[in-house]
Structure formats: structure tokens, C-alpha cells
Amino acid sequence: MIIVLSPAMNMVERTISIPLTQPLFADRAAELASVLSQKELWQLESLLAVSSQLAMRSWQYYQSFGEKGGALPAVRAFQGRAYQNLAPGDFAREDAAHTQKHLRIWGALCGYLRPYDGIDPYRLDFACPFGKKGWEGESLYRDWGGRVCDALYSETDTVVNLCSG
């Protein structure tokens, strides 16, 4: 059985020194981050439907995306209520191993993450109208959907979807 959570909008920006795994769709996430890093500040503000302050922070995230030393374990990067209640900072080694095996995070930038996959801070929502050649239509849901489902069901036949929205 695998439990799936959605990411939180707010992320931790400090480095945590623990071993990280490689996200399954790291290349696809890097491609999307690269496209977003080329956007002007005003374009990100409009595309992400955020304030100018959040657009500036997002722009900075994308400018430094993928730089060595900036990645965090996904389960400790998000600051939403589900992650606070999960309390991954308190995990014993066995808890971390169990979580790595049975928890997945479905996000608009990285697609599908295991808890200890290294990710850089970012801001992107599935609802973002991202129409790019090579990305199916204007929906990140549509683009990631099949890939994520295939990856999940290649691991298990029981998925508990606790994603919001």
C-alpha cells in the first residue's frame, strides 16, 4: 500500500544534511524548472497568480534550481499541516524507512516524489496554465497524470489518495 499526499504551498528554505534519493522524474522537473527560470518576473506573477513578493521568491527559486547543496528531503521540505503532523524530524530510522516505502508526494513540478527524494524549493500549482510544446495541453494534471499513475501502480495495487483538491 502507498499513501499519496499533495505538497504544501510553503517550503522550508534551509539545508538539512541527510542522505537524499534521486526523484524518479528529476529530468522532467529540471526541464520545467529551466523553462520557468527563463520567465520575466511579471510573467511568473501572472502565470502563478501570486503577489509580486511571491513571484520574486519563485523567480529566485527557479534561478538557483538544481544547484548543488540546495536540495531538501521532500517530506521535510513542505510546511503544510499534514507534514507538520507527520513530524518527519522526529522519525526513528525504521520510521524513515517505512515512510520511504509507503508514502509518495504528488507535485506539479516533480510529479512523484518519495519522502527522501531531494528537491529544491519551488512554487508551482497544478492549476497553473502552463502551455508548452511537449507538455500535453495546458494542464500539468494531464501531463503528469499518466506518468504518476504508472509509477504508483508499478509499485503496488493499493493506493490511498490523500491529496487535497
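**Exercise 1. Decide whether Ser 58 is buried or exposed in this predicted model, and find what it touches**.

Step 1: start with the accessibility. Ser 58 comes out at 1% relative accessibility. The cut-off for buried is under 20%, so Ser 58 counts as buried.

Step 2: Ser 58 belongs to helix H3.

Step 3: list the contacts, skipping neighbours within four places in sequence. What's left for Ser 58 is Leu 44, Leu 48 and Arg 123.

**Exercise 2. Work out how helices H1 and H3 pack, and which residues make the contact**.

Step 1: Two packed helices are described by the angle between their axes and the distance between the axes.

Step 2: H1 covers residues 26–37 and H3 covers residues 52–63; the angle is about 125° and the axes are 8 Å apart.

Step 3: classify the angle. Roughly perpendicular runs from 65 to 115 degrees and roughly antiparallel starts over 145, so with about 125° H1 and H3 are oblique to each other.

Step 4: get the handedness. The crossing of H1 past H3 is left-handed.

Step 5: name the residues. H1 brings Ala 33, Leu 36 and Ser 37, while H3 brings Trp 59, Tyr 62 and Gln 63.

**Exercise 3. Find how many salt bridges the structure holds, then go through the pairs**.

Step 1: the count. There are 3 salt bridges.

Step 2: take Arg 28 with Glu 31. Their side chains meet at 3.6 Å, N to O. Both sit in helix H1, 3 residues apart, so about one helical turn separates them. Arg 28 is buried at 16% relative accessible area, whereas Glu 31 is partly exposed at 32%.

Step 3: take Arg 104 with Glu 155, a salt bridge at 2.7 Å, N to O. Arg 104 is in strand S3 (residues 103–107) and Glu 155 is in helix H7 (residues 140–155), so this pair ties together parts 51 residues apart in sequence. On accessibility, Arg 104 is buried, with 3%, and Glu 155 is partly exposed, with 40%.

Step 4: finish with Asp 117 and Arg 114, whose side chains meet at 2.8 Å, N to O. Asp 117 has a relative accessible area of 0%, so it is buried. Arg 114, at 26%, is partly exposed.

Conventions: Residues numbered from 1 in each chain as written. Predicted model: local features only at pLDDT ≥ 70, side-chain atom pairs only at ≥ 80, totals over all residues. Heavy atoms only, no water. Axes fitted to C-alpha atoms, helices over the stretch in contact; angles between N-to-C directions. Helix = DSSP H or I, 4+ residues; strand = E, 2+ residues; numbered from the N terminus. Parallel < 35°, antiparallel > 145°, perpendicular 65-115°, else oblique. Left-handed = near helix turned anticlockwise from the far one by under 90°. Contact = heavy atoms within 4.5 Å. Buried < 20%, exposed > 50% of the residue type's maximum accessible area, 1.4 Å probe, protein only. Salt bridge = Lys/Arg side-chain N within 4 Å of Asp/Glu carboxyl O.
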